[in-house]
Amino acid sequence: MQDDVRPDVWASELEEVLLRVGHRFGRVDLRRRMRDYVRGLLGPVGRKNGWQLAEYVGHDVPAGLQHLLNRARWDADEVRDDLQEYVAERLGEPEGVLIIDETGFLKKGTASAGVQRQYSGTAGRTENCQVAVFAAYASSRGRTLVDRELYLPKSWTSDRERCRMAGVPGDRAFATKTELARDLVARALASPLPIAWVTADALYGQDWNFRRMPEESGLGYVVAVPKSQQVKSLAGCWRIDQLISDAPDNAWERLSCGDGAKGPRVFDWAAAMLPAVPFFDGGEPSHRRWVLARRSIARPDEIAYYLAYAATGTTVSQLVAVAGSRWAIESCFQSAKNECGLDQYEVRRYPGWYRHITLVMLAHAFLAAITAQDGGERGAAETDLSLSRSAWRRSASSWQLAALEQATASTPATP
């Protein structure tokens, strides 16, 4: 991401980033250490731990940088707010997508805040690790991480002394990953980031409260759900895999959901609009809900399922593009780890984790901004994307699940 960027562009944009957050650090020495830390994260350092970062920026010992993360007085959330404003200016577009996902950080021992043996999607197995939920912002101009929350298992929140030793605030209670995700979405919606869509994997997509947040804000979403997901209407309740299995052959169309490393990522897609729910949507709804499925061309038995909510007139191709953009956060995780040391921290305490991660996100956002300025890598989507009688009906340019409309409109139903 850093190749072929003119030195003057690099220096000018970096100075802009550092000045933007500098006022969050009340003393001159802290501002200097913050600047050194970010420059170290961006530098050609083999492993971005305390000693190697200190050596790269010209410090004799890492004590100053360690103080910045562990004991100095500054608020990482305020820096995050400045970061979101910066991303809105550099990458923001009206059709921006907010993406929610988690990643794991393998750790040894038991002292690091939130660490325990738990499943890590990064490792693909149960490991001793920390897990955090992140939000990324993606547009046609670029993508970057914009928020983060460390997951604290019940083994931590039920042990207040252990939390105190790790610097966890006394009021930090247990929160599920989906609850943390809802916090990230709420903050993003209150930020300057221009957001039109929200997307996430099945862990978050199956949570009705998560889906209601963008609906209540008038935004669209395309979220993955498990095959057992219940699709409810006034006429009854169906599993999403049952609805999709009943789709006629001509309901499937071959579409690309974005370019990947090997070119367009093409799948077979089926989508159908669901009946409106008057209790939630009113008489003439501006948005409609959809079911969506992605089928592998080479392995037709591999089907992924989605629920979607979009403005009236939205096309299937647009829904597919949003579904594909979810994988942009994986690209963010990879580049933030490889180029900015996202997972190379040595801090154990809760405040230190948030401070390191926030400064890494700042460095990563800077890289995304100069890439956008230099006209390099572009694009948000680096992605992959039983009824007795068929409920699928063709209407104008889209499919609808017409049979689900049988019932009166007086009884509320959960969409």
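Biologist: Why does valine 291 count as buried?

Modeller: In this predicted model, valine 291 has 0% relative accessibility. Buried means under 20% relative accessible area, exposed over 50%, and partly exposed in between, with a 1.4 Å probe and protein chains only. Valine 291 therefore counts as buried.

Biologist: Where is valine 291 placed, and which residues does valine 291 touch?

Modeller: Valine 291 lies in strand β11 (residues 287-295). Helices (H or I, at least four residues) and strands (E, at least two) are DSSP runs, numbered from the N terminus. Leaving out residues up to four places away in sequence, valine 291 touches residues including Val231, Ile240, Ala272 and Leu401; contact means heavy atoms within 4.5 Å. Alanine 272 is 19 residues from valine 291 in sequence, and their C-alpha atoms are 5.5 Å apart.

Biologist: How do you know that the span of helix α1 agrees with its number of residues?

Modeller: The expected span is 1.5 Å times one less than the number of residues. Helix α1 (residues 7-22) has 16 residues and should span 22 Å; its end C-alpha atoms are 22 Å apart, so the two agree. Among the buried residues of α1 are Val9, Leu14 and Val21, and its buried residues pack against α2 (28-42), α5 (76-91) and α15.

Biologist: What makes a set of residues a nonpolar core?

Modeller: Such a core consists of buried Ala, Val, Leu, Ile, Met, Phe, Trp, Tyr and Cys residues joined through side-chain atoms within 4.5 Å. The largest one has 131 residues, of which Ile100, Phe134, Leu145 and Leu359 touch the most other members. Helix α15 (residues 350-373) gives this core its largest share, 16 residues.

Biologist: What do these values rest on?

Modeller: Residues are numbered from 1 along each chain as its sequence is written, and side-chain values use heavy atoms, without hydrogens and water. As the model is predicted, local features need pLDDT of at least 70 and side-chain atom pairs count only at pLDDT 80 or more, while totals for chains, interfaces and linings use all residues.
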